[in-house]
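This report goes through one protein model, from single residues to the chain as a whole. Please keep the sequence and the structure in view while reading.

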Amino acid sequence: MKLNNKFMHITIHRGINQIGGCITEIATNKTRILIDLGQNLPDGEGQVVDDFADSAVIDALTKNVDAIFYTHYHGDHVGLFHLVPERITQYIGAVAKQVAYRKHQQLSYNPERKQHSEKEMRIINSMKTYKADDPVTIGDIKVIPYFVNHSAYDSYMFLIEADGKRVLHTGDFRDHGYLGKGLLPTIEKYILPTGKIDFLITEGTML
């Protein structure tokens, strides 16, 4: 699906009619970023079927992409990171980066997976990190991370500003528990006072 105005372009490459495997593109005439590059979740038999899990497909998808931002470390949001061309900078939370690294470090102890896991570890090491409330500017797109509560620690939603428009991408979140109850106050206190939201992209199971 594409949502277009005169300037900003929003493309949902995947995630509208399924849970997981999320890939969202936000672009101006000068800059392109992706929010998440997730792998499909396993089916009922534990098998993963994913047409995007191919280097040629990701090369085509990321052509002219300037950066990728991950909301958190779950595989259905970050799972295709190892297929991204090295020229593209990938961003993730600082603790999420450590968790992802340790996961692939453990997988590297499997002799059959050692070489592949070591490549994944090198890529994770090269990722840049962001911090809550600290804007990251890529070209003419500004991304501001805000903490959200989720089953993956160090999860974030993003406020994206470009071409006079503001997009709130919530990523995955939960609204129960004492941390989950902070979602709406965060939006009301830190995001809405700085301007209206033109587009909301939200995780469907909490819609």
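Predicted model: local features only at pLDDT ≥ 70, side-chain atom pairs only at ≥ 80, totals over all residues.

In which strand is Asp 36 found? The answer is strand β4, which covers residues 32-37.

Asp 36 has a phi near 70°, which is a positive value in a residue other than glycine. Most residues other than glycine have a negative phi. The relative accessibility of Asp 36 is 0%, so the residue counts as buried; the cut-off for that class is under 20%.

Asp 154 is another residue other than glycine with a positive phi, here near 65°. Its setting is a loop, the one between β9 and β10. Asp 154 has a relative accessible area of 7% and is therefore buried.

## Salt bridges around Glu 161

How many salt bridges does a search of the whole structure find? The search finds seven. One of them joins the side chains of Glu 161 and Lys 142, with an N to O distance of 3.4 Å. Glu 161 belongs to strand β10 (residues 155-162) and Lys 142 to strand β9 (residues 141-148), so this pair ties together parts that are 19 residues apart in sequence. Lys 142 is partly exposed, because its relative accessibility is 30%.

Glu 161 also forms a salt bridge with Arg 166, and the closest N and O atoms of that pair are 2.7 Å apart. Is Arg 166 buried or exposed? Arg 166 counts as buried, because its relative accessibility is 9%.

## The pair Asp 198 and Lys 196

A salt bridge also links the side chains of Asp 198 and Lys 196, at 3.5 Å from N to O. Asp 198 has a relative accessible area of 23%, so Asp 198 is partly exposed. Lys 196 has 63% relative accessibility and therefore counts as exposed. Elsewhere, salt bridges with shared partners join Lys 142, Glu 161 and Arg 166 into one network.

## Loop residues

Where is the place of Pro 193? Pro 193 sits in the loop between α6 (183-191) and β12 (199-201). With a relative accessible area of 57%, Pro 193 is exposed, the cut-off for this class being over 50%. When residues up to four places away in sequence are not counted, Pro 193 touches Ile 187 and Glu 188.

Gly 164 lies in the loop between β10 and β11 (165-169). Its relative accessible area is 76%, so Gly 164 is exposed. From C-alpha to C-alpha, Gly 164 and Met 8 are 8.7 Å apart in space, while 156 residues separate them in sequence.

Gly 15 is placed in the loop between β2 (9-14) and β3 (23-27). Gly 15 counts as partly exposed, because its relative accessibility is 26%. Gly 15 and Leu 37 are 22 residues apart in sequence, and their C-alpha atoms are 10 Å apart in space.

## The chain as a whole

How many helices and strands are there in the protein chain? There are six helices and 12 strands. The C-alpha trace spans about 55 × 40 × 30 Å along its principal axes. A compact globule of 207 residues would have a radius of gyration near 17 Å, and the protein chain agrees with this because its value is 17 Å.

Of the 207 residues, 48% count as buried. Among contacts in the protein chain with a separation of 6 or more, 55% come from residues 24 or more positions apart.

## Surface and charge

The protein chain exposes about 11,000 Å². Carbon and sulfur atoms supply 52% of that area.

The protein chain has 23 positive and 25 negative charges. How far apart are the mean positions of the positive and negative charges? These mean positions are 6 Å apart.

Notes: Residues numbered from 1 in each chain as written. Heavy atoms only, no water. Helix = DSSP H or I, 4+ residues; strand = E, 2+ residues; numbered from the N terminus. Rg over C-alpha atoms; globule rule 2.2 N^0.38 Å. Buried < 20%, exposed > 50% of the residue type's maximum accessible area, 1.4 Å probe, protein only. Contact = heavy atoms within 4.5 Å. Areas by Shrake-Rupley, 256 points an atom, 1.4 Å probe, with all protein chains shown as cover. Lys, Arg positive; Asp, Glu negative; His and termini not counted. Charge placed at Lys NZ, Arg CZ, Asp CG, Glu CD. Salt bridge = Lys/Arg side-chain N within 4 Å of Asp/Glu carboxyl O.
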